[in-house]
Amino acid sequence: MAEVGHYTSSGTQTPFWLRSNQYGIVPLKSPNSTFRVGASVDYDSLRLALRRISLGGGFQVVGNSATSYVNGQVIVPEAYAKARWRNLELYVGRRREIAGLLDSTLSSGSYAWSGNALPVPKIQLEIRNYLPVGFTKGWIAFKGSYAHGWLGGRYVQHTMLHSKSLYARLGKPEHKFHIYGGINHQVVWGGYSKDLVGSGLVTSPYLPARLRDYFSLITGFRAVNSGVIDQSQYTDFDLTNRVGNHLGSVDFAFEYTGKTHSFYLYRQNPYETGALFYGVSLADGLNGLRIRSNNSRAIVRQVLFEFLNTTSQGGPEFVITNPKLRGRVDYFNHAQFRDGWAYRAQTLGTPFINPALGPNGEPPYGGYTNNNRVQVFHVGLAGSIPLDGLSLFDGPITYETKVSYSRNLGTYRVPYKTAKYQFSGIATLAVPFAILGGLQLTGSVALDQGDLYPSAVGAYIGIRKDWSSIIRQSGNQGRVSRGFHGQNNYR
């Protein structure tokens with residue numbers, strides 16, 4: 001696959017929906033020309049028959065004319081190798097992923113892991129597809145993952161990532177009704193920061209990163225209850241909280257598939273302290289309803305409605321000894337790990353909790369976001385326009401549109417004087433041409449209007465060539481795929 005394109009804007013910044021949830025490959029600055037090339041090899045092409053192990057991998061390289069403060073002009077969003085044995089997969093490297101129960105195509109973004117930032121390099125062991133529990137005859141199935149990653153960091157350097165998830169499905173695959181539920185758990189830990197010395201938050205420039213610390217972070221137990229013997233190695237902050245910065249979401253979803261349409265209703269409940277456990281932050285979460293036509297060529301194939309709320313946070317007070325006052329969660333900020341829930345200064349979770357960038361767009365230092373109390377109303381629409389009988393085209397024109405309206409309150413510690421309202425929208429068309437063995441022309445128009453981002457109209461136009469169909473037709477078993485969306489939405 002190869003693609004060349006150009007971004008332009010009426011301002012100096014690329015509008016929100018042209019750059020958000022794009023795995024960090026679209027710079028904030030505009031204008032920008034881009035060139036992308038990549039390939040992937042799926043399991044069917046490389047197999048160790050004697051051991052029943054299948055191999056695969058992929059890569060993508062992106063070159064931009066505009067400089068990204070954190071990612072530079074040459075970006076490698078994917079570079080991974082993978083191996084599969086039965087239902088178990090191991091991969092090493094960077095791969096595009098989304099975590100949580102939601103519709104991954106039109107969503108405003110999964111709360112904990114949305115695909116907004118450059119993929120984190122990881123070693124991950126995973127059951128990617130729902131695995132039925134034998135004695136239930138397929139009524140109950142599970143999937144999950146366990147990973148170790150490397151985040152780096154600026155304020156705290158050399159930080160690491162612990163990530164795991166477990167999701168269940170109730171109902172056989174062929175049933176019309178399914179219930180889903182599960183949790184994903186993300187932890188930032190370890191690292192080095194001389195800036196924290198003397199703050200009372202660390203005992204040395206090196207944050208806890210021993211084996212006993214690892215037990216504390218994977219279980220979520222407090223350090224004082226996790227088998228720690230020498231408490232002199234820990235501050236009161238570590239002992240009364242947990243080792244590392246813990247967050248994630250507890251998700252539920254319901255799906256019904258009828259004769260003409262399917263309906264998918266989901267809820268993501270964010271957690272970052274004990275607020276969710278004690279029930280004081282239940283008002284916060286991502287709610288979504290997707291309605292999809294069973295006709296893949298429908299003019300209106302899919303409609304999505306979402307509402308994201310993070311304004312509650314259990315209230316403005318945090319008293320660790322009082323469960324009713326376990327509020328002020330301060331999503332994506334952390335006293336020790338001041339780089340926040342981010343990778344290379346880009347939000348790993350929902351893009352509506354944005355970094356507090358400097359006047360020239362430089363990434364934050366010593367505190368991640370100044371706006372984590374938001375309400376977002378979001379609508380998505382997708383479908384296709386048939387072009388039957390027109391030899392110039394190689395299929396229908398497909399379109400997507402997203403419209404978001406947000407109310408932004410700042411943080412509990414530093415609230416905005418008045419609420420900031422923001423409208424962001426995008427419309428995209430993809431036109432497949434039959435010329436030169438198949439080309440796809442993509443065009444997008446986006447708009448930002450409001451108090452949070454500079455008002456601007458932006459656009460993208462690109463042309464893409466995919467050789468995978470040609471390779472398949474020639475009988476080459478080394479299948480190359482144009483898909484660079486290794487999304488894992490647990491749906």
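Phe 16, Trp 17, Phe 352 and Tyr 453 come together as one aromatic cluster. The model is a predicted one, in which local features need pLDDT of at least 70 and side-chain atom pairs count only at pLDDT 80 or more, while totals for chains, interfaces and linings use all residues. Residues are numbered from 1 along each chain as its sequence is written, and side-chain values use heavy atoms, with hydrogens and water left out.

In total, the structure contains 18 aromatic pairs. Rings of Phe, Tyr and Trp (its six-membered ring) pair if their centres lie within 6.5 Å; planes under 30 degrees apart are stacked, over 60 edge-to-face, and the rest tilted. One of these pairs joins Tyr 180 and Tyr 264 edge-to-face, at 6.2 Å centre to centre with 85° between the planes. Tyr 180 belongs to strand β10 (residues 177-189) and Tyr 264 to strand β12 (residues 261-271), so the pair ties together parts 84 residues apart in sequence. Strands here are DSSP runs (E, at least two residues), numbered from the N terminus.

Are these two tyrosines buried or exposed? Tyr 180 is buried, at 5% relative accessibility, and Tyr 264 is buried at 0%. Buried means under 20% relative accessible area and exposed over 50%, with partly exposed in between (1.4 Å probe, protein chains only).

Let me turn to Glu 3, in strand β1 (residues 2-9). Glu 3 is likewise buried, with a relative accessible area of 9%. Leaving aside neighbours within four places in sequence, the residues in contact with Glu 3 include Phe 35, Tyr 460 and Arg 464, where contact means heavy atoms within 4.5 Å.

Key: Helix = DSSP H or I, 4+ residues; strand = E, 2+ residues; numbered from the N terminus.
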